[in-house]
Amino acid sequence: MAKSTVGNTPKLNMLDDIGMILFRGDLKSKTLQNAIVEVNGVKVPARGKISTEDQTSLAWMSPDELLLFVPLERVGELIEDLNQKMGEEDTLIWDISDLRSVFEIEGNFIREVLAKNTPIDLNRDKMRKGTFRRTRFGQIAVAFWFESETKWFMICRRSESEYAQRLFEVSSIPSEIPSIF
Amino acid sequence: MSTRLPNGGRLVNRTKVLNFRFNGRKLKGFEGDTVASALMANDQKVVGRSFKYHRPRGIFASGPEEPNALFTIGKDGEREPNQIGTTTELAEGLEVKSQNHWPTLETDVGSVANLGSNLIPAGFYYKTFMAPRQAWKYLFEPAIRQSAGLGQPPTEWDVDHYEHLYLHTDILVVGGGVAGLLATSLLAETGLRILLLEQSPNFGGRLVQDHADFGEGTSQDWVNSTLQELSSSKNVTMRSRTSVAGIYDHGFVIADERLPNTTGKKGYLKRRLWKIRAKRIVLAAGAIERPLCFAGNDIPGVRLASGVRDYLINYGVSPGDRTAIITNNDDAYRTAIALAESGLSVPLILDTRMEIRGTLPTKAKNLGLRIQPARGISEVLGKKAVSGLEMCSQVGEGTSLEKIGCESIAVSGGWSPTVHLWSHCNGKLKWDETKVMFVPDWTHPPIDSNGNQNIFPVGSANGYLQLHEITCQVEQIVRQVAREFDKDLPEIQLPHAQEITEDRCYGTWLIPYSMKPRKKMKAWVDYQNDVKVSDIDLAVLEGFESIEHSKRYTTLGMATDQGKTSNVNGIALVSHNLGIPMDKVGTTTFRPPYSPIPLGAIAGSAGKKLFKPIRKTPIDAWHVSQNAHWEPVSDWRRPYCYLLEGESVENAVNRETLRVRTTVGMLDATTLGKILVKGKDAAKFLDLIYTNAISTLKPGRCRYGLMCDENGFLMDDGVVARLDETTFLCHTTTGGADHIHGWLEDWLQCEWWDWRVYTANITDQYVQIGIAGPEARNVLDKIGGMDLGDETLPFMSWKKGILGGHEVQVYRISFSGELSFEISLRASEGLELWEKIHEAGQEFSIEPYGTEALHVLRAEKGFIMIGDETDGTIIPQDLGLDWAISRKKDDFLGKRGQQRSYLADPNRWKLVGLEVLDNDEPLPHGVYAQCETKSEFDHPRMEGRVTSTYYSPILKRPIAMGLVERGTERMGEVIKFNCGDKMIKAKIVSHIAYNTD
Amino acid sequence: MLKLVCPYCGIEADETELISGGEAHLKREGPASTDDDFEGYLFLRNNPKGIIFERWRHAMGCGKWFHVARCTVTQEVFGTYPAQTHKPPSRIMEEIKSRRAGQVNGLNSDKAEKFS
């Protein structure tokens with residue numbers, strides 16, 4: 001039942017130089033959907049999802065908000081493009097590359113470590129690849145998604161990064177991880 | 001003498017000896033022992049003193065129902081008080097201490113309370129400590145506090161770790177006894193996700209010690225093979241040592257896992273608190289045996305019959321050479337048989353029933369044991385240990401018929417299903433007259449969010465005590481549970497259970513039936529809280545007839561064991577006294593936790609450095625390097641001031657304040673909230689949010705604005721900058737950012753949802769650096785890149801540019817009255833520019849300043865601070881901010897509220913400056929001004945209070961602001977502030993103290 | 001510990017991811033309102049032993065406010081719906097009616113009556 005969890009426990013690394021763009025607008029609008037595809041080469045993700053192509057990921061934040069992960073050096077140009085393509089349509093597009101920290105989590109038992117601090121259903125059939133889940137990690141607001149079982153991502157507010165790192169650290173002590181997923 | 005038998009003990013490993021200490025005495029036990037079983041094996045009769053009378057108490061039970069054996073375990077940073085000895089596993093080097101006695105367990109001064117126990121009846125405290133009033137505070141309370149309580153709380157930091165763990169499951173099975181194991185193995189077939197939790201270290205519950213055979217072989221074989229099968233099921237998670245503490249709404253369950261310290265090192269993960277969401281819960285929590293009420297039933301050596309059997313079979317511990325049994329049911333005969341088969345003596349079985357015919361009594365008789373029907377115990381002999389008993393007729397008044405010598409008495413008053421968890425979430429109970437127990441009432445079950453039953457009791461938790469009944473009943477119920485998930489269980493062969501004929505348990509609540517009052521004062525109902533039969537009689541006599549009232553009056557069932565062994569007996573005695581049926585008496589409310597959970601487990605990892613998230617700015621490390629003295633501001637930490645070598649906080653604040661007034665200072669203002677508001681309707685929206693007009697603001701300009709709630713009370717303030725025609729940047733207070741962002745979103749989402757406005761809280765995107773002082777512009781000019789002259793950047797305007805190679809926005813605003821700029825740039829570049837400014841500023845003697853200097857500077861200029869001048873009941877008009885309230889706007893949030901007569905009252909307290917007459921003595925913060933006249937309640941009338949008070953180094957005197965009744969009309973008047981030990985006089989002056997032009 | 005489906009995200013959110021906001025469907029009373037109407041808007045709230053329509057914000061999620069029909073006695077939830085409405089949608093009212101049919105009337109609040 002319980003395999004040993006010692007060894008290869010997950011590590012949290014902060015990723016630098018990720019460009020992030022806040023995009024608020026009516027996600028159902030054709031203009032918006034076209035603008036997003038044309039500028040980013042990625043379609044507007046479905047509710048609660050994240051879509052990725054090459055170096056660009058689009059995350060569904062709310063019914064009228066997307067979070068764009070793009071190469072940092074392209075942020076200015078992309079915002080200009082998006083604003084232009086959106087034309088008269090209501091929108092709020094802003095460079096927020098410094099607003100949040102992006103963490104990469106690598107290793108085994110990532111679900112177990114996260115389950116110590118978040119109330120969401122992390123069972124494999126519920127938290128699946130492509131899911132972008134906003135929730136809390138301990139006492140702070142975060143979002144999770146993953147590329148593979150051993151490679152996940154987490155974002156949180158920049159000012160709360162140290163808390164996130166410390167909480168992750170105490171939650172991933174090798175001998176203290178239960179194997180449950 | 002209780003002692004270890006030469007053989008037996010299915011749970012202990014006799015090859016592994018564990019050394020431990022009890023009250024300093026070195027003792028030995030075996031691996032697999034509990035603290036209680038090891039103490040019994042070492043003949044430790046008295047293990048603690050009772051709560052109220054300090055009576056000597058021994059180990060009474062073998063599970064979490066134990067009322068007496070509470071210990072302090074461990075020492076220093078590992079110390080935990082009130083640990084239950086019967087559920088605490090023995091470990092090498094364990095320090096065990098008994099509680100609630102002084103100076104020693106054997107000689108306890110507090111036991112004088114016992115001599116006067118008839119003087120401390122139910123309600124004693126209520127009646128005795130009523131008067132005189134002063135005596136409570138100075139005499140009674142300190143004395144009671146000294147003697148009350150169980151173990152002492154630790155004083156050191158806990159060295160061990162705790163954590164939480166969330167798990168979502170389809171089905172949670174509570175209890176790993178025969179019913180829980182069978183239910184899990186049946187359900188495992190469905191592929192549903194199942195979590196099985198067992199409170200003890202071992203699965204099997206009472207199956208093995210009570211039944212030799214089950215299924216195709218021995219009961220132990222069945223347990224082993226079932227566990228084997230389950231551990232290979234991918235969809236089943238099993239945990240032992242995990243006690244379900246509470247079931248809450250919508251299938252939320254809390255369970256407390258005790259982790260063994262496998263390495264023996266300090267600082268290990270001690271407890272894990274499971275937070276479970278279960279769609280359905282199968283409750284296989286078993287049943288708890290009840291004691292019987294007879295005189296002397298709390299003397300060490302009297303134990304539950306099931307407990308005696310457990311110690312004998314599970315741990316190989318003899319309760320004493322001679323054990324007398326008293327029972328009202330057949331189950332206790334299992335104990336008699338087990339004792340006899342172990343070679344110990346059972347001198348007598350007292351059965352309160354008239355006729356005894358079942359399979360088990362017959363077997364006992366065949367073993368040659370003496371069975372006495374219709375007999376009870378008149379009194380137990382012995383003081384700190386049982387030495388014998390007096391037998392009497394159950395139906396009589398207690399005349400002694402015969403004296404029997406014994407060291408141990410095994411008691412069984414029947415069984416109570418463990419219905420606590422069923423009841424936590426509103427499941428109702430019904431009294432089953434035939435089974436003599438409260439059982440779950442399936443017509444009033446706990447329900448989930450859809451209104452469907454979500455807890456399904458099985459086995460003895462559902463009132464079925466016979467093994468063959470349990471198996472059938474588990475299958476039936478589990479089928480129903482599976483069907484709720486659209487799963488059908490296949491037809492299966494249930495494990496075979498031998499059918500045993502048992503006679504009915506007989507509800508015997510008093511032994512003997514006509515117990516004399518004197519004996520009732522020695523017959524305990526609740527051991528842990530020292531409630532006796534006489535106390536319940538008295539409560540009912542005094543009119544506390546509702547069980548909820550008599551419970552509180554007597555404290556029955558209110559101890560840490562939550563009345564696991566005492567509740568039903570207590571209810572029965574109330575029923576007996578009132579002459580009404582059990583059903584009509586009802587039950588008290590079971591509340592979580594089922595068993596106590598340590599505070600550490602509840603806190604989880606949220607202790608010490610993780611107690612609260614501490615938000616830090618990108619310049620935080622620099623502040624550390626400059627010896628910052630910190631102040632928490634909401635979740636952020638900000639430098640209060642920066643201490644030079646050997647400098648006091650006070651001097652540092654004065655130095656920083658003067659620096660800004662005379663040359664230049666720099667401030668990390670990153671924490672100020674920054675909210676973007678954009679859209680075609682943004683200006684219209686902000687006109688409603690702020691009390692002043694925002695729509696008239698020109699792009700490139702800034703305006704100070706106020707936000708009120710619908711009451712009209714001032715909520716937040718800050719500078720709004722118009723970025724372009726449709727975009728605004730609203731600055732909020734540090735603590736207000738999240739709240740104000742939520743407030744804006746609330747109105748946009750729930751009231752004006754068709755308006756075209758988007759908002760975003762972008763606080764963390766930027767570092768904001770405040771540069772203030774006469775030399776501020778010179779410092780920035782030296783860095784270069786932007787023209788910050790009065791013409792290009794007048795007061796209350798902003799512009800974009802490149803400063804020292806960084807893209808920045810510069811805001812020309814001031815919170816100090818000095819020339820001041822706020823520079824905002826992306827957070828990742830913030831520290832770099834901060835350091836450049838600090839370096840460039842050296843020739844102008846630039847210094848960083850903290851929040852306290854900021855406060856002094858703003859107070860000198862009479863600027864208000866949200867949270868100082870406001871407290872949620874202050875309107876802007878109170879603060880002389882009428883100029884910031886638009887008269888032209890038809891509406892804004894708070895406008896209607898401010899129209900109310902109370903808020904328009906001319907007698908309201910208004911913001912003024914306060915100048916103390918004696919210059920050396922500053923006004924304390926928050927003190928009230930007192931009039932000569934009295935209020936309608938005959939208290940001195942108050943006419944004002946101090947809201948801000950500081951020492952102004954530039955004015956070289958204390959300054960203060962306060963709210964005073966009609967204050968603005970009373971300039972020059974002297975009022976008196978009540979400062980506790982003295983009155984301080986202050987003159988009402990302008991709230992602007994410095995540079996009043 | 002409630003578990004509510006955020007109608008925007010379509011996921012079950014834990015109570016600890018949410019912030020409660022009191023009674024739903026209040027009508028704002030502005031500067032022209034009478035004292036009585038303003039008092040009702042600002043202070044007078046239903047506290048039914050039974051069904052309540054209330055506001056919740058998915059604070060640790062999409063940040064949106066939504067409404068919930070919940071029984072304060074049994075914690076049953078009859079549904080959640082977006083906040084951009086002046087009254088509960090008919091599917092919610094039907095769910096309440098179907099589950100409360102034949103039951104004690106006392107569980108139905110005045111407001112439930114009003115909206116039905």
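Between chain A and chain B, 35 residue pairs are in polar contact, both partners at pLDDT 80 or more. A polar contact here is a pair of N or O atoms within 3.5 Å; within protein, one must be able to donate a hydrogen and the other to accept it, and residues adjacent in sequence count only if both atoms are side-chain atoms. This is a predicted model, in which local features need pLDDT of at least 70 and side-chain atom pairs count only at pLDDT 80 or more, while totals for chains, interfaces and linings use all residues. Residues are numbered from 1 along each chain as its sequence is written, chains are lettered from A in the order in which they are written, and side-chain values use heavy atoms, with hydrogens and water left out.

**The interface**

- Chain A brings 47 residues to the contact and chain B brings 49 residues, contact meaning heavy atoms within 4.5 Å.
- About 4200 Å² is buried between the two chains, with carbon and sulfur atoms giving 52% of that area; buried area is the accessible area (1.4 Å probe) that two parts lose on being put together, summed over both.
- The rule finds 10 salt bridges across the interface, each a side-chain nitrogen of Lys or Arg within 4 Å of a carboxyl oxygen of Asp or Glu.
- E162(A) forms a salt bridge with K616(B), and the closest N and O atoms are 2.6 Å apart.

**The chain A side**

- Elements giving two or more residues to the side that touches chain B are β2 (18–24), β6 (92–95), α3 (110–115) and α4 (161–171) of chain A; helices (H or I, at least four residues) and strands (E, at least two) are DSSP runs, numbered from the N terminus.
- With 5 residues, α4(A) gives the most to this side.

**I18(A)**

- I18(A) sits in strand β2 of chain A and is partly exposed, at a relative accessible area of 24% (buried is under 20%, exposed over 50%, partly exposed in between; 1.4 Å probe, protein chains only).
- Leaving aside residues up to four places away in sequence, I18(A) touches F69(A), V70(A), L72(A), S97(A) and V102(A).
- The C-alpha atoms of I18(A) and V102(A) are 7.6 Å apart, although 84 residues separate them along the chain.

**Helix α10 of chain B**

- In α10 (residues 359–366), L360(B), P361(B) and A364(B) are buried.
- Those buried residues fall within an arc of 100° seen down the axis of α10(B), so they line one face of the helix; the arc is that of the directions from the helix axis to the C-beta atoms.
- K365(B) and N366(B) are exposed on the face of α10(B) turned away from its buried side.
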